[in-house]
Amino acid sequence: MKEILKEKLTDMQQQLLDISEKMYDNPELGDEEFASMELLTDLLKENQFQVETNIINRPTAFKAVYDSSKPGPVIAYLAEYDALPEIGHGCGHNLIGTMSTGAGIALSKVINQTGGKVVVYGTPAEETNGAKVPMSREGIFDDVDVAMILHPEGVSRESGASLANDALEFKYTGKAAHAAASPEEGINALDSVIQLYNGINALREHLPDDVRIHGIITKGGEAANIVPDLAAAEFYIRAQSRQILDETKEKVMQIAKGAALMTGAEMEIIEQEGSYDNMVTNRPLSDIFTKNLKAATGETVYPPQLLKASMDMGDVSRVAPAIHPSIGIGDPSLVLHTKAFADQTISPAGKQALMNGALALACTGYEILSDSALLEEIREAFEEVKV
């Protein structure tokens, strides 16, 4: 059956490569990926998928379903297709979108024999405000048995963990006054932000090694001779687990309140977009995918590493068994979010990775559809770590 999947992908190879290259030539920012979405959904419609766009009120988000009309698992492939400003597809989302779409279509050609459904989800704006977060919260993935996405990198790597992240804005409101003639009449909001920074720096000594706190002052006053009546700062707080993140965030918020008390300013804390849960890899699912990736590429797949960054796939992993592995695209020295990385996605090695990755995803889906014991193992592992 895996040979049939490979044949189906070979049949549409040129279509997939053309879509990836068109995305490369026409990179679109998050929530503006209209042309990219159309390329993917047109191919899915051509292959008898039922496509719904504008899900969760995001115009470039979509859900494409092929239903065998027989009982069975729901296999989900997640597509990304947003690009980076100036750089273009320096994170390889042109490959991610086409690999997931190709895998879904290939699996649909055999699913009538196994039963179940295959769903391709279009998930916009991974680089900015992460559509997978509201999609997870609004129940889009609640009936999914497994969720898979494959990311291009310098080398192939098993699915691992990422850092949970909360993004916070701290706004302080004071009272303006002439900084020389009547400073006693003012309340310096910038002093609150400075105390916030100093307090966070003092806190770092007492935090676990995996915690990261980084931020900027976004507003510090209008002129040197005016006591600043409005000041603001934005911080990202990251940790390897949601529990540690929540504990750290509470400490930061207490520091922020103390900074307001020290100056007499009023304070407002605003939760920003870009808050993600940490990735929880489903190990049985990861193991079966790794086997299929090795078979597809004939290359080494390296052990997982902690991704010292955050991604919206983490939220998906809290509501469905999920993986987020990597596939090498021919140059171990590549650095993500660079023009060189974007260019490599349309190189011969990048094109081969697209086809190999789609095959590994499709084969993994087929094994789950045809092996109830494997599916039960995946479900049990998910329940063990579910929070």
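How many bridges join E3 to E4, and do these strands run parallel or antiparallel? Six bridges join the two, and E3 and E4 run parallel. The structure is a predicted model, in which local features need pLDDT of at least 70 and side-chain atom pairs count only at pLDDT 80 or more, while totals for chains, interfaces and linings use all residues. Residues are numbered from 1 along each chain as its sequence is written, and side-chain values use heavy atoms, with hydrogens and water left out.

Helices (H or I, at least four residues) and strands (E, at least two) are DSSP runs numbered from the N terminus, and two strands pair if DSSP finds at least two bridges between them. Six strands make up an open sheet of mixed pairing, in the order E1-E2-E4-E3-E5-E11. Strand E1 (50-53) and strand E11 (322-323) stand at the edges with a single partner strand each, so one side of each has no neighbour in the sheet. Within the sheet, Val74 stands opposite Lys117 in E4. E4 is also joined to E2 by six bridges, and here the two strands run antiparallel; Val65 stands opposite Val119 in E4. Strand E5 (residues 146-148) pairs with E11 in the parallel sense over two bridges, and Met148 stands opposite Ile323 in E11. Helix H4 packs on this sheet, in contact (heavy atoms within 4.5 Å) with strand E2 (62-67), strand E3 (74-79), strand E4 (117-122) and E5. The direction of H4 makes about 155° with that of E3, where axes are lines fitted to C-alpha atoms, for helices over the stretch in contact, and angles run from 0 to 180 degrees between N-to-C directions. E4 is mostly covered, with five of its six residues buried; buried means under 20% relative accessible area, exposed over 50% and partly exposed in between (1.4 Å probe, protein chains only).

Leu16, Leu17, Ile19, Ser20, Met23 and Tyr24 are the buried residues of H2. They lie on the same side of H2, because they cover an arc of only 160° around the axis, taken from the directions from the helix axis to the C-beta atoms. Their cover includes helix H1 (2-11), helix H3 (34-46), helix H4 (93-108), helix H11 (339-344) and helix H12 (348-370).

Charged pairs complete the picture. The whole structure holds 16 salt bridges, each a side-chain nitrogen of Lys or Arg within 4 Å of a carboxyl oxygen of Asp or Glu. In one of them, Glu367 pairs with Lys2, with the closest N and O atoms 2.5 Å apart. Glu367 lies in helix H12 and Lys2 in helix H1, so this pair ties together parts that are 365 residues apart in sequence. Glu367 counts as buried at 13% relative accessibility, whereas Lys2 is partly exposed at 30%. Another salt bridge joins Arg242 to Asp166, the closest N and O atoms being 2.9 Å apart. Both Arg242 and Asp166 are buried, and salt bridges that share partners join Asp166, Arg242, Asp246, Lys249, Glu271 and Asp277 into one network.
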